[in-house]
Every structure is written in structure tokens, then in C-alpha cells.
Protein chains: 2
Amino acid sequence: MKIMTQYKDGNYAIEVARGILEDRIDDYTDKYDQVFYLADKNVYQLHKNGKLSFIEDPILMEQGEASKYFDAFSNLLETLLSSGVQRNCLLVVIGGGAAGDAGGFAAATVLRGVDYIHVPTTLLAHDSSIGGKTAINSRYGKNLIGAFHRPKGVIYDLDFLDTLPESEILSGFGEVIKHALLKDKDAVDALMDATKDGIELDVIEPFIIKGIETKMEHVLRDENESGIRKHLNLGHTLGHAIEYRYRMPHGIAVTLGIYAALYISNELNQEDTFDLAHFYEYFIGLGYPMEELKALDASDMISLMTKDKKNQTSGLVGYIVMEDAGRARFTEIDRQQLTKFINDMKESL
Amino acid sequence: MKIMTQYKDGNYAIEVARGILEDRIDDYTDKYDQVFYLADKNVYQLHKNGKLSFIEDPILMEQGEASKYFDAFSNLLETLLSSGVQRNCLLVVIGGGAAGDAGGFAAATVLRGVDYIHVPTTLLAHDSSIGGKTAINSRYGKNLIGAFHRPKGVIYDLDFLDTLPESEILSGFGEVIKHALLKDKDAVDALMDATKDGIELDVIEPFIIKGIETKMEHVLRDENESGIRKHLNLGHTLGHAIEYRYRMPHGIAVTLGIYAALYISNELNQEDTFDLAHFYEYFIGLGYPMEELKALDASDMISLMTKDKKNQTSGLVGYIVMEDAGRARFTEIDRQQLTKFINDMKESL
């Protein structure tokens, strides 16, 4: 399956299927005199005698999020430069979303910008394969330093997903759920039906592709992160706070955040737009730790959401809610009301 | 004097005159909710009770080139982020070319890009006020990490030049000479005539402006650093090697490199296109350390020019030479021939 981005210019192909890396890689690398493979350390370790055995001399990146800290990033750049990187080169970035972020930012900045492609190796990375955002982390938060720099292509070989631990599958699947919710009711129903007994990789392949397409629609209609692109934050406002406080994988925290967003949506819509019990059972069945929602401290969460150091008690919090599946909107919720929503949700569980 | 850049989009004004900072700054800052002043430590120290007294709470950058090392740069970003920088902000970068490079790169990358203006404080910075190049240094060389990110404006207040040390004036003036050579014979003659008794700031103001215009022409005709933009490297191939080996200010080393380029041009043209004795006397009169040329080790210089770790003795070296004033061209010179040119030049002095 091949998806072409639809920007005004600088488009690229996202190819999604099993076993495609070996077939497709040369089509990219053949165009360059110089190719560097940047691989997540852990991914390389897992696949160096298998799918990645064709790579000689990879530049290994710190595993996952660790690659996104300043020291790891400056080491990556210095390693590239010590290897004699030249402007007309291709970086092949192999790893999850973090590797894509850090490797993409290296491509954006080394010699003021070189080409790269991304070979995502996690389910979560389907989400970051679109959008052209690259970034590293600051002491003050994630993704605060970066650039917009689109890859020349994304080769999403689903074989890599076979070696993912359960928690990584659950984390990535959270974004698949989000994209279905942003798409429409049919997408949600089809996804929940297909996965009611668990997440089988071969079953969710079409949903991954649809998720990429939905994300692309949102990004295209709003390249600069105002308006509709904000809808992609569904579940993320509370999700980020949960992720930070409970050190939970991103997409798992987002899934908890999605449940809360559906609860709040019902409250704001003043009707049962979403069958909360059905969603709750479904999430529990898949293995999401929904019981953590009962432990949330509303005021702590809201402070984290608003990065509020003064612990104000009034003011508004930006939030993505749903009028229905496929109809998200941005709203601002008063802190006191949001506190009540979170507490009421906890009691309802 | 106001020069507008002539890009397809993203144009900005470069204003050059004495005493304009105080008049013009508000026109920029008024458009933003949030303004951060990033000032070279040394410049701020010199002017905090004078021209810069209106600034409260500047973010001080390391002096000059020291601001362009990774640690200084990451500190700068973290300071901005700890100050709560938001996307709709303006950074006002005050300092020479190095401050412009590092501050501009901070603007390019913090929150994936915010606006900035540059307030150059050196003569050399007239050169970097055009082109949109931002960068920091790697362990492996200068400007190897960066981005293209144009300022929203350049306020070039010549009052700052009054406090420059002599060596900084000579350094910046080297690029003024280069721009005259790239322009035409009239520009060279006028410049040499106006400065035959020394460099008076008020006399060279129109030449600074012409230099900016010449650089802009080169950049516009070739935004991607192939073709004509390369001509801006006149004097830089050898100049960078001299700068590195003798730790000489950039533009002073470039001036020595320009002399060598004129010598080599005469050799390649097989005629006395340039009156070398006249140039030599002129440069000596202004205070350039021309005698250093006599000490050059040709093979060391060529190794540095080509970043050649293997010390090959054959191969070609890219070089900018002049068919005449105003007619530069890129050529490749065989190492052996280049060695002979350098040695012959040394003997001719």
C-alpha cells in the first residue's frame, strides 16, 4: 500500500506493507553518492542478523526517547560530521517515533539540511510518519527544539512490529483508535469490531493505513498547527499529563485521555453521544490500564496540562472534544468545571 | 539607507545608518506580545549605559565565536525556554556575525521556529546580514550545523562600529574589499581611493551599503550555493586555512587570501590583470599583516583547504579566481600547480 502526501510541493511516498524494506531501500539510496544508516540501538540489536543484516557500519542512536536529549543529539551530529557527511547524502533513519524525531532533526540541521527517509519500526511511529515535524527535548519539555523537515520517503515495513513488546503495541494502537475517532463512526465501529478479541497485527494493517490518511488530511488542511490540526490532540491534553506523572507509554496515556475526552464530550453534549461502558470494556479487554483513571488527582493533572507553576484555580484549559465520531472541535473549559468533570468521571468508573 | 531583499517571498528590510536602533526597534517589537533581547555579552557590557540602556533583562550570549559552540547554544535555548518563550515572539539578536549565526539558529529551532531580527554590531556582520544562513560550530569545523532562516529585519546601526577595536575594523573591511572586487573596477577604484589614507567609518558607509547590495545580488541569483554564490568565497579558500592556522580574524585572513587569489588570477590569465604591487602597498598601508604570506607552508595550506587527512599530492582544489574586477569564476586547480603558485607568490613579495 502506497500513500502519497498531498502538499503543494515536497511530497513523498509512505509505503506500508510487510517485507518491503529490502525491496524498496535501493530505490532511495541509489540516487545518492553517500548514504548513512542511523538506527535505534535496540532495533539494530534485534534485527542485525535478520532484516538489517544488509547494513554495514550503522550509526547507532540511543534507544527511543534517550536519543532526543541534547547530549545524545550533539553526539549524533558529531558522529555524522566525523564520518565526512556531505550535502548530497541520504540519511536512512531506522527506529520508532523518537528516532524519527531526532534523526530527522539531525537531517534538518547537519550542513544546514540534508535528505532523509524514515523506516519506522513501531506501531506508534505511523503517527509521526506524516507531518514533517522533527524535534529533540529540552529540560523544560518534550519536542521544544526542532524544525519542520519532511523526509523524502517513509518505508513502513510491518515486519518490525512483530518484535514489539505488548506495551508498545498498546501504545501505538492508542493513536490508531484516535485516528478512527477523528475519521467517522464507521471507522470506529469497524476497528472495535475487528479488534474486539485483541490486536492482531495483520488485522489492523488497513486501519494503520487509514490512520495515516486521516492524519494526513488533518495536516494538509492546516500545515501550521492552528485550526484542524489541533484535533490531532484528541486525548493528548490529559494524556500528556498522565504520561508525565505515571511514566506511562505515550499512546497508552493517550488512550486513557481519549476515554476522558469522550466522557467530557458526553457531558458537554448533554447526551450519551458515546457509549462509555462499551468503550471502557473494549479498552480493558485490550489491556489498557483504565483503573489508573480512578487514581488521578484532578488539580495535579490540570496543573500539568496548563504547565501552570502558580496553581491558579480559575482560568480556561484548551481541550479537544467530540460532537460525534468524526466531528472533533477545540474548546476551552473552565478549570473548576474541568475538575468536576474529572472527579465525576472517576466516580462513574 | 534602506535595502529591501528581493527574494520570491519572506523579504525583509536592511536599514543602515547611524543612530537608527532607537528609532526603528519599536516598529518591530510592537507587533509581538513577547520580545527577547539576545545580546553578545561584550557588546552589552560596552553599551548597557548607552545605546542599549533601554533593554531590561537581556539574555546574554557568550562573546563572539564562543556563542557558537554546542554547550553555549544549548544553554541559550534552555534559557529561552525557561523564560517561557512562545511561538508568537520576536528575538532581537544584538552582536556580530557569530551572535547573528547562533541567535538566528536559536530562532530557527526553538519551538520549531520563531521570528527574529538582527542588530549587527561589527563591520564584518554586514556580510552575514544577507543570506539567511544561521549556524553553530561542530568539533569538525565552523558552521557545520545550522539552518536557513531569514530574519524579519536587520537594523544596522553604525554607531556600534565606533567601539570596535582596530583588528575588527580590518577584519570587516576585508569583506568590503571583496564585495567591491566582485562588483566592478569602478567600485574597486573608488574604494581604494576613498581609503588610501586609512579606514574612516563615515567614509566607508556607502561602500558597506554597496557591499550588502552586491552580496544580495549573488545570493538572489543563486539561493542554493551552487553557481554564482560560490563567488562570494573569493579569498576564502586560502583565507580559511590561514584563519585556522594563524588564529587570525576572519576578514584579515580573507584579505590575505584575496591577495593570493589576485596573484593566481594574473597567473591563470597570463597577464597583469591586477596591479599586485598597488594592492600590496594598499593593504600594507591599511595595516593588514601581508608579511604573513611569506611564511605560508603551501602543502599545509592545501591540506587545510581540502580537509585532506591523507595528504595526497595530486587532485584538484576548487578556487575562485577573477578574469577581471567584477568577473569572478570558479575553477579547479591541480594541487601541484597550486603549490607552485603559492611558492611563486611568496618569492614575489
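A word on terms: a cavity here is a set of points, on a 1 Å grid over the protein atoms alone, where a 1.4 Å probe fits but cannot get out, and lining residues have an atom within 4 Å of a point. Keep in mind that this is a predicted model, in which local features need pLDDT of at least 70 and side-chain atom pairs count only at pLDDT 80 or more, while totals for chains, interfaces and linings use all residues. Residues are numbered from 1 along each chain as its sequence is written, chains are lettered from A and ligands numbered from 1 in the order in which they are written, and side-chain values use heavy atoms, with hydrogens and water left out.

This second largest cavity holds about 80 Å³, a volume being the space filled by probe spheres set on the grid points, which are joined across faces, edges and corners. Its lining splits into three nonpolar, six polar and two charged residues. Helices (H or I, at least four residues) and strands (E, at least two) are DSSP runs, numbered from the N terminus.

By class, the lining of the largest cavity has four nonpolar, seven polar and two charged residues.

Now for the sheets. In chain B, seven strands make an open sheet with mixed pairing, in the order β1-β2-β9-β6-β5-β3-β4; two strands pair if DSSP finds at least two bridges between them. Why is one side of β1 (2-4) and of β4 (59-61) of chain B left without a neighbour in the sheet? These strands stand at the edges, so each has a single partner strand. From one strand to the next the twist averages 20°, with axes being lines fitted to C-alpha atoms (for helices, over the stretch in contact) and angles running from 0 to 180 degrees between N-to-C directions.

Within that sheet, β6 (residues 115-120) and β9 (residues 153-157) of chain B run parallel and are joined by two bridges, with Ile117(B) standing opposite Gly153(B). Helix α1 (residues 21-29) of chain B packs on the sheet, touching β2 (13-17), β3 (34-40), β5 (89-95), β6 and β9 of chain B, and its direction makes about 165° with that of β9(B). Contact means heavy atoms within 4.5 Å. Helix α3 (residues 70-82) of chain B lies across β3, β4 and β5 of chain B, at about 175° to β4(B).

Further along chain B, β10 (residues 316-324) and β11 (residues 327-334) pair in the antiparallel sense over eight bridges. Val321(B) has Arg329(B) as its bridge partner in β11(B). Two residues sit between the strands of this hairpin, where Gly326(B) takes a positive phi near 85°.

Over in chain A, an open sheet of seven strands, with mixed pairing, has the order β1-β2-β9-β6-β5-β3-β4. Here β2 (residues 13-17) and β9 (residues 153-157) of chain A run parallel, joined by five bridges, and Val16(A) stands opposite Tyr156(A) in β9(A). Helix α1 (residues 21-29) of chain A packs on the sheet at about 165° to β9(A).

Finally, step back to chain A as a whole: its secondary structure comes to 13 helices and 11 strands. Its radius of gyration, taken over C-alpha atoms, is 20 Å, close to the 20 Å that the globule rule gives for 349 residues, so chain A is as compact as a globular protein of that length. That rule is 2.2 Å times the number of residues to the power 0.38.

Technical notes
Nonpolar A, V, L, I, M, F, W, Y, C, P; charged D, E, K, R; others polar. 1 Å grid on protein atoms, 1.4 Å probe; cavity = no way out; pocket = protein on both sides within 12 Å on 5 of 7 lines; lining within 4 Å.
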